[in-house]
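Thank you for making time this morning. I would like to walk through one structure with you, going from the chain as a whole to a few individual residues.

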Amino acid sequence: MHLSQRLPETLAALRSGRIDEYKARVIRDYTQSLADKPDARATVEHVALRVSGSKTAPQLREFVKRQVAAADPASPEQRREVAQAGRHVTPPIPEADDGMASMGLYGPTEALAAFYTAIDAAARARRDAAAKGPQHPDAGKSLGQLRFDVVSDLAFGGLNAGHLGCCRSDCAGVGQRLGAQQGVHAHITVRMSTTTAAGLDELPAELEGYGPIPASIARRLAADATWRRLLTDPVTGRLLDYGRTTYAPPQALREFLIERDVTCRMPTCTWPARSCDLDHEPAWNDGGRTSADGMNALHRRHHVAKTHHGCRIERDADDRLWWVSATGHAYPIRPEVIDPLVAYAGRDERPRGRRELGRAEEPGPPGGADPPPAEPPV
(Lines give C-alpha, C1' and ligand atoms only; values in the text may rest on other atoms or scores of the structure.)
Protein backbone atom coordinates (compact mmCIF):
# COMPACT_ATOMS: atom_id res chain seq x y z
CA MET A 1 0.00 0.00 0.00
CA HIS A 2 2.78 2.41 0.94
CA LEU A 3 4.73 1.72 -2.28
CA SER A 4 1.71 1.87 -4.58
CA GLN A 5 0.53 5.20 -3.20
CA ARG A 6 3.79 7.00 -2.44
CA LEU A 7 6.63 5.25 -4.29
CA PRO A 8 5.19 3.91 -7.54
CA GLU A 9 8.58 3.85 -9.32
CA THR A 10 10.02 1.70 -6.54
CA LEU A 11 7.07 -0.69 -6.78
CA ALA A 12 7.51 -0.97 -10.54
CA ALA A 13 11.26 -1.64 -10.13
CA LEU A 14 10.55 -4.33 -7.53
CA ARG A 15 7.97 -6.05 -9.74
CA SER A 16 10.28 -5.98 -12.76
CA GLY A 17 13.21 -7.41 -10.79
CA ARG A 18 15.44 -4.33 -11.09
CA ILE A 19 15.73 -4.18 -7.28
CA ASP A 20 15.10 -6.74 -4.58
CA GLU A 21 12.82 -6.44 -1.54
CA TYR A 22 15.64 -5.26 0.75
CA LYS A 23 16.52 -2.31 -1.49
CA ALA A 24 12.82 -1.44 -1.80
CA ARG A 25 12.59 -1.30 2.01
CA VAL A 26 15.66 0.94 2.14
CA ILE A 27 14.05 3.45 -0.22
CA ARG A 28 10.72 3.24 1.62
CA ASP A 29 12.14 3.59 5.12
CA TYR A 30 14.64 6.37 4.47
CA THR A 31 12.27 8.56 2.48
CA GLN A 32 9.51 8.49 5.11
CA SER A 33 10.78 11.77 6.57
CA LEU A 34 9.83 13.42 3.25
CA ALA A 35 6.17 12.40 3.58
CA ASP A 36 5.06 16.04 3.63
CA LYS A 37 7.33 16.89 0.66
CA PRO A 38 6.13 14.59 -2.15
CA ASP A 39 8.14 16.33 -4.87
CA ALA A 40 11.40 15.95 -2.93
CA ARG A 41 10.54 12.33 -2.13
CA ALA A 42 9.90 11.59 -5.82
CA THR A 43 13.25 13.14 -6.77
CA VAL A 44 15.15 11.08 -4.20
CA GLU A 45 13.30 7.94 -5.31
CA HIS A 46 14.19 8.54 -8.95
CA VAL A 47 17.88 9.18 -8.23
CA ALA A 48 18.09 6.16 -5.91
CA LEU A 49 16.60 3.82 -8.50
CA ARG A 50 18.98 5.15 -11.15
CA VAL A 51 22.03 4.03 -9.12
CA SER A 52 20.49 1.01 -7.38
CA GLY A 53 21.89 -1.47 -9.89
CA SER A 54 25.49 -0.51 -9.13
CA LYS A 55 25.22 -0.42 -5.33
CA THR A 56 24.78 -3.02 -2.64
CA ALA A 57 21.90 -2.54 -0.24
CA PRO A 58 24.10 -0.99 2.51
CA GLN A 59 25.67 1.34 -0.09
CA LEU A 60 22.22 2.28 -1.35
CA ARG A 61 21.11 3.00 2.20
CA GLU A 62 23.95 5.47 2.75
CA PHE A 63 23.30 7.04 -0.64
CA VAL A 64 19.57 7.54 0.09
CA LYS A 65 20.32 9.00 3.53
CA ARG A 66 22.57 11.63 1.96
CA GLN A 67 20.04 12.43 -0.74
CA VAL A 68 17.28 12.88 1.84
CA ALA A 69 19.51 15.16 3.92
CA ALA A 70 20.29 17.27 0.86
CA ALA A 71 16.64 17.45 -0.17
CA ASP A 72 15.51 18.66 3.25
CA PRO A 73 18.48 20.09 5.21
CA ALA A 74 16.38 21.29 8.15
CA SER A 75 14.53 18.02 8.67
CA PRO A 76 17.41 15.93 10.11
CA GLU A 77 18.01 18.45 12.88
CA GLN A 78 14.32 18.55 13.75
CA ARG A 79 14.09 14.75 13.74
CA ARG A 80 17.19 14.56 15.88
CA GLU A 81 15.75 16.89 18.52
CA VAL A 82 12.68 14.71 18.75
CA ALA A 83 14.56 11.40 18.63
CA GLN A 84 17.24 12.21 21.21
CA ALA A 85 14.57 12.66 23.85
CA GLY A 86 14.27 8.88 23.68
CA ARG A 87 17.94 8.16 24.39
CA HIS A 88 18.34 5.38 26.92
CA VAL A 89 20.34 2.44 28.16
CA THR A 90 18.44 -0.83 28.52
CA PRO A 91 18.95 -2.94 31.64
CA PRO A 92 20.71 -6.30 31.22
CA ILE A 93 18.57 -9.06 29.70
CA PRO A 94 19.79 -12.49 30.89
CA GLU A 95 20.24 -15.22 28.31
CA ALA A 96 18.64 -18.63 28.71
CA ASP A 97 21.10 -20.71 30.72
CA ASP A 98 24.72 -19.67 30.18
CA GLY A 99 25.08 -16.86 32.71
CA MET A 100 25.41 -14.25 29.99
CA ALA A 101 23.25 -11.17 29.39
CA SER A 102 22.95 -8.36 26.88
CA MET A 103 22.12 -4.67 27.10
CA GLY A 104 21.79 -1.86 24.61
CA LEU A 105 22.46 1.85 24.18
CA TYR A 106 20.39 4.19 22.03
CA GLY A 107 21.32 7.80 21.57
CA PRO A 108 23.07 10.43 19.43
CA THR A 109 25.55 8.90 17.01
CA GLU A 110 28.44 11.15 18.02
CA ALA A 111 28.04 10.23 21.70
CA LEU A 112 28.06 6.50 20.98
CA ALA A 113 30.95 6.97 18.56
CA ALA A 114 32.93 8.70 21.32
CA PHE A 115 32.03 5.94 23.78
CA TYR A 116 33.12 3.17 21.42
CA THR A 117 36.29 4.99 20.35
CA ALA A 118 37.32 5.44 23.97
CA ILE A 119 36.75 1.83 25.03
CA ASP A 120 38.34 0.56 21.82
CA ALA A 121 41.47 2.65 22.42
CA ALA A 122 41.65 1.43 26.02
CA ALA A 123 41.26 -2.18 24.86
CA ARG A 124 44.04 -1.76 22.30
CA ALA A 125 46.32 -0.32 24.97
CA ARG A 126 45.63 -3.37 27.15
CA ARG A 127 46.35 -5.67 24.22
CA ASP A 128 49.67 -3.91 23.59
CA ALA A 129 50.58 -4.29 27.25
CA ALA A 130 49.62 -7.97 27.19
CA ALA A 131 51.88 -8.57 24.19
CA LYS A 132 54.93 -7.96 26.39
CA GLY A 133 54.66 -11.34 28.09
CA PRO A 134 52.53 -14.53 28.19
CA GLN A 135 52.03 -14.13 31.94
CA HIS A 136 50.08 -10.89 31.55
CA PRO A 137 46.46 -11.30 32.77
CA ASP A 138 45.15 -10.04 29.41
CA ALA A 139 47.31 -12.34 27.30
CA GLY A 140 45.32 -14.25 24.71
CA LYS A 141 42.20 -12.09 24.93
CA SER A 142 40.54 -10.81 21.78
CA LEU A 143 39.83 -7.12 21.22
CA GLY A 144 36.14 -7.79 21.70
CA GLN A 145 36.79 -9.40 25.08
CA LEU A 146 39.09 -6.56 26.10
CA ARG A 147 36.52 -3.91 25.14
CA PHE A 148 34.01 -5.58 27.42
CA ASP A 149 36.58 -5.89 30.23
CA VAL A 150 37.29 -2.15 30.00
CA VAL A 151 33.62 -1.33 30.54
CA SER A 152 33.29 -3.95 33.28
CA ASP A 153 36.30 -2.61 35.18
CA LEU A 154 34.91 0.92 34.88
CA ALA A 155 31.60 -0.20 36.40
CA PHE A 156 33.06 -2.20 39.29
CA GLY A 157 35.58 0.55 39.98
CA GLY A 158 32.77 3.09 40.11
CA LEU A 159 30.78 1.01 42.59
CA ASN A 160 33.84 0.64 44.81
CA ALA A 161 34.73 4.34 44.67
CA GLY A 162 31.19 5.72 44.75
CA HIS A 163 31.72 7.76 41.58
CA LEU A 164 32.62 7.43 37.91
CA GLY A 165 35.30 9.23 35.96
CA CYS A 166 38.41 8.68 38.06
CA CYS A 167 40.30 5.64 39.29
CA ARG A 168 41.64 7.25 42.47
CA SER A 169 39.83 7.60 45.80
CA ASP A 170 40.99 11.22 46.23
CA CYS A 171 39.26 12.68 43.17
CA ALA A 172 35.59 12.15 43.94
CA GLY A 173 34.78 15.67 42.79
CA VAL A 174 36.12 15.05 39.28
CA GLY A 175 33.71 12.40 38.07
CA GLN A 176 30.02 11.61 38.38
CA ARG A 177 28.89 10.81 41.91
CA LEU A 178 26.74 7.70 42.21
CA GLY A 179 23.31 8.39 43.66
CA ALA A 180 21.30 6.28 46.09
CA GLN A 181 17.86 4.69 46.14
CA GLN A 182 15.87 4.56 49.39
CA GLY A 183 18.98 5.94 51.06
CA VAL A 184 21.01 2.90 49.99
CA HIS A 185 24.19 3.45 47.98
CA ALA A 186 24.58 1.90 44.51
CA HIS A 187 25.65 -1.72 44.74
CA ILE A 188 25.12 -5.18 43.35
CA THR A 189 23.73 -7.83 45.66
CA VAL A 190 24.70 -11.50 45.59
CA ARG A 191 23.02 -13.90 47.99
CA MET A 192 24.61 -17.22 48.87
CA SER A 193 24.65 -19.52 51.87
CA THR A 194 27.61 -19.56 54.22
CA THR A 195 28.41 -23.12 53.14
CA THR A 196 28.62 -22.06 49.49
CA ALA A 197 30.76 -19.05 50.40
CA ALA A 198 33.13 -21.37 52.27
CA GLY A 199 33.41 -23.69 49.26
CA LEU A 200 31.66 -26.59 51.01
CA ASP A 201 29.04 -26.88 48.25
CA GLU A 202 28.36 -25.53 44.78
CA LEU A 203 24.74 -24.44 45.25
CA PRO A 204 23.84 -21.60 42.85
CA ALA A 205 23.91 -18.09 44.28
CA GLU A 206 21.39 -15.38 43.44
CA LEU A 207 22.30 -12.13 41.66
CA GLU A 208 19.53 -9.77 42.72
CA GLY A 209 17.27 -8.87 39.85
CA TYR A 210 18.77 -11.33 37.38
CA GLY A 211 18.55 -14.83 38.86
CA PRO A 212 20.99 -17.67 39.61
CA ILE A 213 24.72 -17.48 38.97
CA PRO A 214 27.37 -20.19 39.51
CA ALA A 215 28.84 -20.48 42.98
CA SER A 216 32.36 -19.84 41.65
CA ILE A 217 31.31 -16.47 40.19
CA ALA A 218 29.53 -15.51 43.41
CA ARG A 219 32.65 -16.28 45.47
CA ARG A 220 34.76 -14.22 43.07
CA LEU A 221 32.41 -11.23 43.49
CA ALA A 222 32.38 -11.72 47.24
CA ALA A 223 36.17 -11.65 47.48
CA ASP A 224 36.23 -7.84 47.19
CA ALA A 225 32.92 -7.14 48.92
CA THR A 226 31.55 -6.33 52.33
CA TRP A 227 29.50 -9.11 53.91
CA ARG A 228 26.21 -8.58 55.65
CA ARG A 229 24.58 -11.21 57.84
CA LEU A 230 20.96 -12.14 57.11
CA LEU A 231 18.95 -14.48 59.33
CA THR A 232 16.44 -16.61 57.44
CA ASP A 233 13.77 -19.09 58.42
CA PRO A 234 15.34 -22.54 57.84
CA VAL A 235 12.11 -24.00 56.43
CA THR A 236 10.69 -21.22 54.28
CA GLY A 237 13.90 -19.33 53.42
CA ARG A 238 12.21 -16.01 54.22
CA LEU A 239 14.10 -13.16 55.80
CA LEU A 240 13.71 -12.85 59.58
CA ASP A 241 16.36 -10.35 60.58
CA TYR A 242 18.68 -7.91 58.87
CA GLY A 243 22.04 -7.84 60.59
CA ARG A 244 23.02 -4.19 60.41
CA THR A 245 23.66 -1.72 63.21
CA THR A 246 25.52 1.19 61.59
CA TYR A 247 22.46 3.09 60.31
CA ALA A 248 19.79 4.84 62.33
CA PRO A 249 16.63 2.70 62.77
CA PRO A 250 14.52 4.23 59.95
CA GLN A 251 17.30 3.56 57.44
CA ALA A 252 17.80 0.04 58.78
CA LEU A 253 14.07 -0.62 58.45
CA ARG A 254 14.14 0.70 54.90
CA GLU A 255 16.95 -1.66 54.01
CA PHE A 256 15.24 -4.58 55.74
CA LEU A 257 12.08 -4.07 53.66
CA ILE A 258 14.09 -3.94 50.44
CA GLU A 259 15.89 -7.16 51.29
CA ARG A 260 12.76 -8.94 52.52
CA ASP A 261 10.41 -8.04 49.67
CA VAL A 262 12.98 -8.19 46.81
CA THR A 263 10.30 -7.03 44.33
CA CYS A 264 7.01 -5.12 44.37
CA ARG A 265 4.47 -6.98 46.49
CA MET A 266 1.68 -6.70 43.93
CA PRO A 267 1.36 -10.28 42.55
CA THR A 268 3.00 -10.69 39.10
CA CYS A 269 5.04 -7.44 39.41
CA THR A 270 8.81 -7.91 39.23
CA TRP A 271 9.85 -4.27 39.78
CA PRO A 272 12.88 -4.22 42.15
CA ALA A 273 12.02 -3.28 45.73
CA ARG A 274 14.89 -0.81 45.88
CA SER A 275 13.08 1.29 43.23
CA CYS A 276 9.66 0.99 44.87
CA ASP A 277 7.71 3.15 47.31
CA LEU A 278 7.61 1.82 50.86
CA ASP A 279 3.90 1.79 51.57
CA HIS A 280 2.07 1.71 54.89
CA GLU A 281 -0.77 -0.76 55.35
CA PRO A 282 -3.08 0.54 56.60
CA ALA A 283 -2.24 4.02 55.35
CA TRP A 284 -0.25 6.26 57.64
CA ASN A 285 -3.18 8.66 58.02
CA ASP A 286 -5.39 5.70 59.01
CA GLY A 287 -3.13 4.53 61.81
CA GLY A 288 -0.50 2.62 59.83
CA ARG A 289 2.75 1.83 61.61
CA THR A 290 6.29 2.39 60.38
CA SER A 291 7.40 -1.17 61.06
CA ALA A 292 8.38 -4.32 59.22
CA ASP A 293 4.92 -5.87 59.51
CA GLY A 294 3.19 -2.59 58.64
CA MET A 295 4.94 -1.75 55.37
CA ASN A 296 5.45 -3.25 51.92
CA ALA A 297 7.39 -2.34 48.79
CA LEU A 298 5.08 -1.26 45.96
CA HIS A 299 5.80 -0.04 42.46
CA ARG A 300 4.57 3.55 42.13
CA ARG A 301 1.78 2.50 39.76
CA HIS A 302 0.50 -0.14 42.18
CA HIS A 303 0.92 2.20 45.14
CA VAL A 304 -1.32 4.70 43.39
CA ALA A 305 -3.82 1.94 42.56
CA LYS A 306 -3.95 0.96 46.20
CA THR A 307 -4.20 4.51 47.53
CA HIS A 308 -6.60 6.02 45.03
CA HIS A 309 -8.30 3.28 43.01
CA GLY A 310 -9.80 0.83 45.48
CA CYS A 311 -7.07 -1.82 45.70
CA ARG A 312 -5.84 -2.89 49.11
CA ILE A 313 -3.58 -5.31 50.98
CA GLU A 314 -5.15 -7.47 53.69
CA ARG A 315 -3.66 -9.81 56.28
CA ASP A 316 -5.62 -12.96 57.17
CA ALA A 317 -5.83 -14.90 60.43
CA ASP A 318 -2.76 -16.97 59.46
CA ASP A 319 -0.71 -13.80 58.96
CA ARG A 320 -0.69 -14.21 55.18
CA LEU A 321 -0.94 -11.17 52.92
CA TRP A 322 -3.43 -10.82 50.07
CA TRP A 323 -3.73 -8.27 47.26
CA VAL A 324 -7.39 -7.38 46.88
CA SER A 325 -8.37 -5.68 43.62
CA ALA A 326 -11.01 -2.98 43.25
CA THR A 327 -13.44 -5.70 42.12
CA GLY A 328 -12.89 -7.70 45.31
CA HIS A 329 -10.75 -10.46 43.80
CA ALA A 330 -8.01 -11.60 46.19
CA TYR A 331 -4.55 -12.82 45.14
CA PRO A 332 -1.92 -14.23 47.56
CA ILE A 333 1.25 -12.23 48.15
CA ARG A 334 3.89 -14.90 48.59
CA PRO A 335 7.01 -13.90 50.54
CA GLU A 336 10.22 -14.14 48.55
CA VAL A 337 12.62 -16.98 49.34
CA ILE A 338 16.10 -15.51 49.66
CA ASP A 339 17.90 -18.51 51.21
CA PRO A 340 19.57 -20.50 48.39
CA LEU A 341 19.66 -23.68 50.52
CA VAL A 342 15.88 -23.62 50.64
CA ALA A 343 15.31 -22.27 47.15
CA TYR A 344 17.61 -24.72 45.34
CA ALA A 345 18.00 -27.76 47.60
CA GLY A 346 14.26 -28.52 47.84
CA ARG A 347 14.58 -30.30 51.17
CA ASP A 348 11.43 -31.42 52.97
CA GLU A 349 12.77 -31.97 56.47
CA ARG A 350 12.71 -29.17 59.05
CA PRO A 351 16.23 -28.12 60.07
CA ARG A 352 16.84 -27.02 63.62
CA GLY A 353 17.20 -23.37 64.54
CA ARG A 354 17.78 -20.39 62.28
CA ARG A 355 20.32 -20.42 59.51
CA GLU A 356 22.82 -17.61 58.97
CA LEU A 357 23.04 -16.44 55.39
CA GLY A 358 25.87 -14.32 54.05
CA ARG A 359 25.35 -11.71 51.40
CA ALA A 360 28.12 -10.04 49.42
CA GLU A 361 27.72 -6.31 48.97
CA GLU A 362 29.81 -3.32 48.07
CA PRO A 363 30.70 -1.13 51.07
CA GLY A 364 28.91 2.16 51.55
CA PRO A 365 28.72 5.25 53.75
CA PRO A 366 26.40 5.48 56.74
CA GLY A 367 23.00 6.97 55.93
CA GLY A 368 20.84 9.53 57.62
CA ALA A 369 17.84 8.96 59.81
CA ASP A 370 15.20 10.05 57.32
CA PRO A 371 11.82 8.32 57.79
CA PRO A 372 10.34 6.16 55.02
CA PRO A 373 8.59 8.08 52.22
CA ALA A 374 5.38 9.95 53.09
CA GLU A 375 2.14 8.52 51.81
CA PRO A 376 0.62 8.74 49.31
CA PRO A 377 3.21 9.77 46.67
CA VAL A 378 2.24 12.05 43.84
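Let me begin with a glycine: leaving aside the neighbours within four places in sequence, Gly 211 is in contact with Ala 205 and Glu 206. Please keep in mind throughout that what you see is a predicted model. Gly 211 belongs to strand β11, which covers residues 211-213, and with a relative accessible area of 14% Gly 211 falls under the 20% limit and is therefore buried.

Stepping back to the whole chain, we have 13 helices and 19 strands. Of the 378 residues in the protein chain, 34% are buried, and the accessible surface amounts to about 22200 Å², with 55% of that belonging to carbon and sulfur atoms. If we take the contacts between residues at least 6 apart in sequence, 53% of them join residues that are at least 24 apart.

Now to the helices near the start of the chain. Two packed helices are described by the angle between their axes and the distance between the axes. For helix α2, residues 8-16, and helix α4, residues 38-51, the axes come within 9 Å and cross at roughly 25 degrees. Since angles under 35 degrees count as roughly parallel, α2 and α4 are therefore roughly parallel to each other. Which residues in α2 and α4 meet? On the α2 side they are Pro 8, Glu 9, Thr 10 and Ala 13, and on the α4 side Glu 45, His 46 and Leu 49. Sorted by class, this contact of α2 with α4 has 3 nonpolar, 2 polar and 2 charged residues.

His 46, in helix α4, deserves a word of its own. His 46 has a relative accessibility of 41% and so counts as partly exposed. His 46 and Glu 9 are 37 residues apart in sequence, and the distance between them, C-alpha to C-alpha, is 7.3 Å.

That brings me to the interior. In soluble globular proteins, nonpolar side chains tend to be buried together. Here the largest nonpolar core has 19 residues, and those with the most contacts inside it are Ile 27, Leu 60 and Val 64. Helices α2, α3 (21-30), α4 and α5 (57-71) each supply at least two residues of this core, and α4 gives the most, with 6 residues. Not counting residues up to four places away in sequence, Ile 27 touches Leu 7, Thr 10, Glu 45, Ala 48, Leu 49 and Leu 60. Apart from this core lies another, of 17 residues, with Met 295, Ala 305, Ile 313 and Ile 333 among them.

Are Val 262 and Thr 268 buried or exposed? Val 262 is buried, because its relative accessible area is 16%, whereas Thr 268, with a relative accessible area of 77%, is exposed.

Key: Residues are numbered from 1 along each chain as its sequence is written. This is a predicted model: local features need pLDDT of at least 70, side-chain atom pairs count only at pLDDT 80 or more; totals for chains, interfaces and linings use all residues. Side-chain values use heavy atoms; hydrogens and water are left out. Axes are lines fitted to C-alpha atoms, for helices over the stretch in contact, and angles run from 0 to 180 degrees between N-to-C directions. Helices (H or I, at least four residues) and strands (E, at least two) are DSSP runs, numbered from the N terminus. Angles under 35 degrees count as roughly parallel, over 145 as roughly antiparallel, 65 to 115 as roughly perpendicular and the rest as oblique. Contact means heavy atoms within 4.5 Å. Ala, Val, Leu, Ile, Met, Phe, Trp, Tyr, Cys and Pro count as nonpolar, Asp, Glu, Lys and Arg as charged, and the others, Gly among them, as polar. A nonpolar core is a set of buried Ala, Val, Leu, Ile, Met, Phe, Trp, Tyr and Cys residues joined through side-chain atoms within 4.5 Å. Buried means under 20% relative accessible area, exposed over 50%, partly exposed in between (1.4 Å probe, protein chains only). Accessible areas come from the Shrake-Rupley method with a 1.4 Å probe; for residues, only the protein chains shown count as cover.
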